[in-house]
Amino acid sequence: MNSTGVRGLLRKRYQHPEWALMFEVANGTGTHGRSYADAVAMNLYPSRGLSILGFEIKVSKQDFMREIEKPDKSVPVQQFCDQWWLVAPAKAVDESLLPKAWGWLRVDDDRLVQVKAAPDLEAKPLSRPFIAALVRRQNAADAEEVNKLVRDQVEAQRKTDHERIEREIKMRTREAQSAIDKIAELKARIGNDRWDDLNADDIAQAVKIVRKSGVLGTYDGVSSVRNS
């Protein structure tokens with residue numbers, strides 16, 4: 001599974017309205033933003049303590065080792081979090097190297113399984129730069145959601161238009177084919193040697209004369225006239 005799939009699993013686990021989940025959260029905005037967490041989730045229920053969780057997403061052993069080799073990399077964001085979690089499949093993790101301050105949510109196909117509980121950290125009060133970073137990511141998430149809804153609506157409209165056009169093409173094709181078949185039948189009955197001498201007005205006039213004569217309503221119809 002790639003990082004996009006892991007993000008989807010986090011969205012399922014930390015859902016609105018209990019949680020606000022943001023991705024690529026920095027420790028601040030502007031020059032204050034020197035470090036990023038792959039995700040931050042904030043609980044929105046006072047009864048649950050309004051806890052803030054930080055996440056590092058790793059999908060390969062190389063990603064995991066690069067993170068472990070730089071233990072201070074996560075500190076600028078981690079210092080504001082009540083818990084810090086690694087989110088990764090088993091193949092990517094050497095559990096013996098997992099920092100004591102980290103929990104582990106293992107990625108198992110379409111679900112997250114808690115392997116190691118994250119210990120409670122002594123989180124610092126939120127700084128204004130960090131609050132600004134959270135608000136920025138939340139606004140970006142809202143804009144992304146709106147854009148997705150617009151894209152979905154446009155795609156649905158395109159699909160509807162495509163289906164309508166396809167139906168129209170099929171209907172007009174059937175009508176055209178029916179006309180072609182009728183002309184071919186008429187041509188065969190008149191005879192190819194005479195067809196080229198006729199024009200639309202001649203044929204229309206002939207049909208009008210026959211229909212107007214009332215012969216079509218007689219017992220033998222046109223066959224009787226033709227024989228006569």
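The legends below describe close-up views of a predicted model.

**View 1. Strand 3 and its covered faces.** Strand 3, spanning residues 52-57, is mostly covered, with six of its six residues buried. On one side lie Ile52, Gly54 and Glu56, and on the other Leu53, Phe55 and Ile57, so that both faces of the strand are covered, given that a residue is called buried when its relative accessible area is under 20%.

**View 2. The strands that pair with strand 3.** Strand 2 (residues 36-43) and strand 3 run antiparallel and are joined by four bridges, and within this region Ala41 stands opposite Leu53 of strand 3. Strand 4 (residues 83-88) runs parallel to strand 3, to which it is joined by five bridges; here Leu86 in strand 4 is the bridge partner of Glu56.

View 3. The side chains of Glu56 and Lys58 meet in a salt bridge, with an N to O distance of 3.6 Å. Glu56 has a relative accessible area of 1% and is therefore buried, while Lys58, with a value of 9%, is buried as well.

View 4. Arg172 and Glu168 meet through their side chains in a salt bridge of 2.8 Å, N to O. Because these two residues are four apart in helix 4, about one helical turn separates Arg172 from Glu168. Arg172 counts as exposed, at 54% relative accessibility, whereas Glu168, at 31%, counts as partly exposed.

View 5. Glu24 and Arg7 form a salt bridge in which the closest N and O atoms are 3.3 Å apart.

**View 6. A nonpolar patch on the surface.** Leu126, Ile131 and Val135 form a nonpolar surface patch, and together these residues have about 220 Å² of accessible area. Val135 is placed in helix 4, which covers residues 128-190, and with a relative accessibility of 44% Val135 counts as partly exposed.

**View 7. Helix 6 and the glycine that follows.** Helix 6, made up of 14 residues (200-213), reaches 20 Å from its first C-alpha to its last, close to the 20 Å expected at 1.5 Å a residue. Gly214 follows helix 6 and has a positive phi, near 80 degrees.

How values were computed:
Residues numbered from 1 in each chain as written. Predicted model: local features only at pLDDT ≥ 70, side-chain atom pairs only at ≥ 80, totals over all residues. Heavy atoms only, no water. Expected span 1.5 Å × (residues − 1). Patch = residues over 30% accessible without salt bridge, like charges linked within 9 Å, V, L, I, M, F, W, Y side chains within 5 Å. Areas by Shrake-Rupley, 256 points an atom, 1.4 Å probe, with all protein chains shown as cover. Salt bridge = Lys/Arg side-chain N within 4 Å of Asp/Glu carboxyl O. Buried < 20%, exposed > 50% of the residue type's maximum accessible area, 1.4 Å probe, protein only. Pairing = 2+ DSSP bridges.
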